[in-house]
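Q: Please take me through the labels used for this model. Set each value against its cut-off, then conclude.

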Amino acid sequence: MSELKIQCPKCSTEIELTEQLAGPMLAELQASFQDELAKQEANAAKALADAKAQAKEAAKAETAAEQAALEERVKEQEDKLREAQRVQAAALKREQELKDKEAEMELTLQKMLAAERPALTEKLTREANEKAELKLAEQEQVMQGMKRQIEALKQKSEQGSMQTQGEAAEIVLEDTLAAAFPMDAFLPVAKGISGADVRQEVAAANGAAGSILWESKRTKN
């Protein structure tokens, strides 16, 4: 064993540390060291336990915060979903209301058309008949006008023919009378003067005895 010396704290005298003297001191030191080590280990264990507890609490808190945040996000998503569903339901309801209103308007229009169809048909029929009658009246007027024109042309033609026949008849009458009464004078009456067609001047010994007016007509009776 190497020589060990210790110094007295009071007188500063160096004392040789022998085995007999160092044994109890070493035992005491060892016991003290063991106690200190036990305390350090206990403190370390306690610190570790506290650290674990704190970590666990922190983890719980963090998990709770994350859970709360997650629940908040889920709540927000559910709120948004409910709002979207509400908007969609409102839109569908509005669309159905519009469809119902359109169907109601269509039905009302059909009823109105059905109610007005007889009157409309009667009106259209009446207007068509009036137009047809007006057209027939116009055609009748045209036909009457054409008949009048034909009658006028026919009358004019007949008048010309009758005038010619009358002139021929006057000549025949005058020739016939002249042949029957060769001593008398026969004078034609000028055209346009009403009265006889031929005037016979009856001759006598002392001059004209008088006049005879002759008129020739060709009639049915």
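Q: Why does E97 count as partly exposed?
A: E97 has 36% relative accessibility. Buried means under 20% relative accessible area, exposed means over 50%, and partly exposed lies in between (1.4 Å probe, protein chains only). The value falls in the middle band, so E97 is partly exposed.

Q: What should I know about the model before going on?
A: This is a predicted model: local features need pLDDT of at least 70, side-chain atom pairs count only at pLDDT 80 or more, and totals for chains, interfaces and linings use all residues. Residues are numbered from 1 along each chain as its sequence is written, and side-chain values use heavy atoms, without hydrogens and water.

Q: What makes the contact of R94 with E97 a salt bridge?
A: The closest N and O atoms are 3.8 Å apart. A salt bridge needs a side-chain nitrogen of Lys or Arg within 4 Å of a carboxyl oxygen of Asp or Glu. R94 and E97 meet that limit, so the label holds. R94 is partly exposed as well, at 48% relative accessibility.

Q: Where do R94 and E97 lie?
A: Both lie in helix α1, 3 residues apart, about one turn of the helix. Helices are DSSP runs of H or I with at least four residues; strands are runs of E with at least two; numbering starts at the N terminus. Helix α1 covers residues 19–180.

Q: How do you know that K75 and D79 form a salt bridge?
A: Their side chains come to 3.3 Å, N to O. That is within the limit, so the pair qualifies. K75 and D79 are 4 residues apart in helix α1, about one helical turn. K75 has a relative accessible area of 44% and D79 has 30%. Both residues are partly exposed.

Q: What about R199 and E201?
A: Their side chains meet in a salt bridge at 3.1 Å, N to O. R199 is partly exposed at 33%. E201 is partly exposed at 21%.
Salt bridges with shared partners also join K75, D79 and R82 into one network.

Q: How many salt bridges does a search of the whole structure find?
A: There are 7. Side chains of opposite charge can pair when their charged atoms come close.

Q: Which residues is Q200 in contact with?
A: Contact means heavy atoms within 4.5 Å. Leaving aside neighbours within four places in sequence, the partners of Q200 include F181, F186, I212 and W214.

Q: What makes the link from Q200 to W214 a polar contact?
A: The two side chains come to 2.9 Å. A polar contact is a pair of N or O atoms within 3.5 Å; within protein, one must be able to donate a hydrogen and the other to accept it, and residues adjacent in sequence count only if both atoms are side-chain atoms. Q200 and W214 carry the label at that distance.

Q: Why is D197 called buried?
A: Its relative accessible area is 12%, so D197 falls under the cut-off. D197 is in the loop between β3 (185–188) and β4. Among its contacts beyond four places in sequence are E170, P188 and W214.

Q: Is P188 buried or exposed?
A: P188 has a relative accessible area of 55%, so it counts as exposed. P188 lies in strand β3. Leaving aside neighbours within four places, P188 is in contact with E174 and D197.

Q: How do you know that β3 and β4 pair?
A: Two strands pair if DSSP finds at least two bridges between them. β3 and β4 have 4 bridges, in the antiparallel sense. L187 has R199 as its bridge partner in β4.

Q: What joins β4 to β5?
A: 7 bridges join β4 to the antiparallel strand β5 (residues 207–214). A hairpin also connects them through 2 residues. V198 has W214 as its bridge partner in β5.
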